[in-house]
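Q: I would like to learn how to read helix packing in a model like this one. Could you take me through it step by step?

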Amino acid sequence: MFLDRLFGRTGSRAAAEALYDTAVAQARSVTFYRDFGVPDTVDGRFDMLVLHVFMILHRLKREGEAGRRTGQALFDRMFDDMDRSLREMGVGDLSVGKHVKRMGEAFYGRVKSYDAAVDASSADGGVELADAIARNVFGVDGEGAARPSDAVLGALASYVLASIRALDGEPAADLLDGRAVYAALPALSVEPDDASGAGGD
């Protein structure tokens, strides 16, 4: 496309744009907030987005330099959006950089904990991943935060692992061209526990 070439939206940048749109759409699925009790707050939505971007980054690690470029472009796209969103929320120019820096640190901490938990899942069946989701998405280490039920955490952990398997099954060309497919949204047969707040890593 002429306009894509004119504005540099080619290759890894164009792929990252499409991958980011897919991650945002999935992270905003009402199922997570209505059925699983994910806090429908700025923090809760940020953490669901981090979780879905992590799944794509986890897959891109297998694709060498092309995967690294696309992953970096995806990270850059996400944090450009964070910067824009903060400004739209009224955060002043002098504070935006500090907020984005804290969000970046939170992102890296969460990705590190999710990576370790996914690596451990073949041995523990997703227990560590469920704990990581409890900490990061539900803030169970935070003051006043209640731990969701094992059913909620288990279903979310299973969804993440199923999505990683689905992404692992995609051809590299599809990912590098901006096409990502997550697993079907999880279903829950019991009421989620009350959960709120935000925590870390």
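A: Gladly! Keep in mind that this is a predicted model.

Q: Which residues of α7 and α8 meet?

A: A contact needs heavy atoms within 4.5 Å. On the α7 side you will find Leu129, Ala130, Ile133, Ala134 and Phe138, and they meet Val152, Leu153, Leu156, Ala157, Val160 and Leu161 of α8. By residue class, this contact of α7 with α8 has eleven nonpolar residues, no polar and no charged.

Q: What does the rest of α7 look like?

A: Start with its span: α7 has twelve residues and reaches 16 Å from its first C-alpha to its last, close to the 16 Å expected at 1.5 Å a residue. Next, look at burial, where the cut-off is under 20% relative accessible area. The buried residues of α7 are Leu129, Ala130, Ala132, Ile133, Ala134, Asn136, Val137 and Phe138. Those buried residues pack against α4, α6 (93–124) and α8. After α7 comes glycine 139, with a positive phi near 60°.

Q: Is phenylalanine 138 buried or exposed?

A: Phenylalanine 138 sits in helix α7. Because its relative accessible area is 0%, phenylalanine 138 is buried. It is also handy for comparing sequence with space: phenylalanine 138 and leucine 153 are 15 residues apart in sequence, and their C-alpha atoms are 9.8 Å apart.

Q: How many of the residues of α4 are buried?

A: Of the 19 residues in α4, 16 are buried, so to speak a mostly covered helix. Helix α4 (residues 42–60) reaches 27 Å from its first C-alpha to its last, close to the 27 Å expected at 1.5 Å a residue.

Q: At roughly what angle do α2 and α4 cross?

A: Helix α2 (residues 11–27) and α4 cross at roughly 135°, and their axes come within 8 Å. Therefore α2 and α4 are oblique to each other. The handedness of the crossing of α2 and α4 is right-handed.

Q: Which residues make the contact between α2 and α4?

A: From α2 come Leu19, Tyr20, Ala23, Val24, Gln26 and Ala27, which meet Met48, Leu49, His52, Val53, Ile56 and Leu60 in α4. Sorted by class, the contact of α2 with α4 has ten nonpolar residues, two polar and no charged.

Q: How many helices and strands does the protein have?

A: There are nine helices and zero strands, and along the sequence the pattern reads α-α-α-α-α-α-α-α-α. Of the protein's 201 residues, 46% count as buried. For contacts, take those with a separation of 6 or more: residues 24 or more positions apart account for 69% of them.

How values were computed: Residues are numbered from 1 along each chain as its sequence is written. This is a predicted model: local features need pLDDT of at least 70, side-chain atom pairs count only at pLDDT 80 or more; totals for chains, interfaces and linings use all residues. Side-chain values use heavy atoms; hydrogens and water are left out. Helices (H or I, at least four residues) and strands (E, at least two) are DSSP runs, numbered from the N terminus. Ala, Val, Leu, Ile, Met, Phe, Trp, Tyr, Cys and Pro count as nonpolar, Asp, Glu, Lys and Arg as charged, and the others, Gly among them, as polar. The expected span of a helix is 1.5 Å times one less than its number of residues. Buried means under 20% relative accessible area, exposed over 50%, partly exposed in between (1.4 Å probe, protein chains only). Axes are lines fitted to C-alpha atoms, for helices over the stretch in contact, and angles run from 0 to 180 degrees between N-to-C directions. Angles under 35 degrees count as roughly parallel, over 145 as roughly antiparallel, 65 to 115 as roughly perpendicular and the rest as oblique. A crossing is left-handed if the near helix is turned anticlockwise from the far one by less than a right angle, and right-handed if clockwise.
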